[in-house]
Amino acid sequence: MLLLQFSTSHYCRKARLALGYKKIPYQVQNLTPGLHALKIRPLTGLTTTPVLLPQLEGQPKAIGDSTRIFKFLETYRQEPPLVPEGLLEAEAWMLEDWLDESIGTATRFVYYDFRAKEGKSIDPSWSSQLVISIVRKQYNITPPAVELAAVRLQGAMAVLAQKWQESPYLVGDRLSVADIAAAALLSPLALIPSYRQDYPWLFDRIAWVHNICGEPLPPGL
């Protein structure tokens, strides 16, 4: 299998964690932002990453979107499962959707605002700052939007802290799409000192999920 990705994307990290958890061998192809559309649009009709190319007879040619990749992998290789059985399955997908659509986006806003300001020293190179500028413009990352994103993240931390205090897993008694989504989509915050200081338990959990999935730790951990 081949994963088309941006190497720094937390949504692509989400797909890599799922592949690792399933122990499915794969390769990656890192795309150049902007030019990536020439590669991806003919395959999925979209311009977003990740895109998984199963490269297997009888399987789809291309699967776009990290949630759709989750669902494909669950049918392709059932063990270990990504979702619990019974009524808990709906809860796992509900949490995954919330993390994907709301919290992952909030992370992007806070992270790229940080990288454009006090976090600029992490990589002050022209190419890095160009990508950051493009992303900020593409997603309209403005001060009011960043402030709202920070509030959303604060609420998410309260929810996740309570759930992970009750059990090692967000849903059920084993790792699920919810844990993987949380570990991937909050991982960029590891480079922001205030989050590392305020939520040390989160980064312990992120590292734990990465170790289970055999994925290298994100920058900052």
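Visitor: How far is the sulfur of Cys12 from the closest cysteine sulfur?

Guide: This is a predicted model: local features need pLDDT of at least 70, side-chain atom pairs count only at pLDDT 80 or more, and totals for chains, interfaces and linings use all residues. Residues are numbered from 1 along each chain as its sequence is written, and side-chain values use heavy atoms, with hydrogens and water left out. The closest cysteine sulfur to that of Cys12 sits in Cys213, too far for a bond, at 16 Å.

Visitor: How many disulfides does the structure hold?

Guide: A disulfide is a covalent bond between the sulfur atoms of two cysteines. Here it is called when a pair of cysteine sulfur atoms lies within 2.5 Å. Cys213 is in no disulfide, its nearest cysteine sulfur being that of Cys12. The number of disulfides is zero.

Visitor: Is Cys12 buried or exposed?

Guide: Buried means under 20% relative accessible area, exposed over 50%, partly exposed in between (1.4 Å probe, protein chains only). Cys12 has a relative accessible area of 0%, so this residue is buried.

Visitor: Which residues does Tyr195 touch?

Guide: Contact means heavy atoms within 4.5 Å. Leaving out residues up to four places away in sequence, Tyr195 touches Val110, Ala150, Leu153, Met157, Leu189 and Phe203.

Visitor: Which residues form a nonpolar patch on the surface?

Guide: Patch members have over 30% relative accessible area and no salt bridge; like charges are joined within 9 Å, nonpolar side chains (Val, Leu, Ile, Met, Phe, Trp, Tyr) within 5 Å. A salt bridge is a side-chain nitrogen of Lys or Arg within 4 Å of a carboxyl oxygen of Asp or Glu. Trp126, in helix H5 (residues 126-138), is exposed at 68% relative accessible area. The patch, with about 350 Å² of accessible area together (Shrake-Rupley method, 1.4 Å probe), is Trp126, Leu130 and Ile134.

Visitor: Is Gln129 buried or exposed?

Guide: Gln129 is found in helix H5. Its contacts include Arg115 and Pro124. At 16% relative accessibility, Gln129 is buried.

Methods
Helix = DSSP H or I, 4+ residues; strand = E, 2+ residues; numbered from the N terminus.
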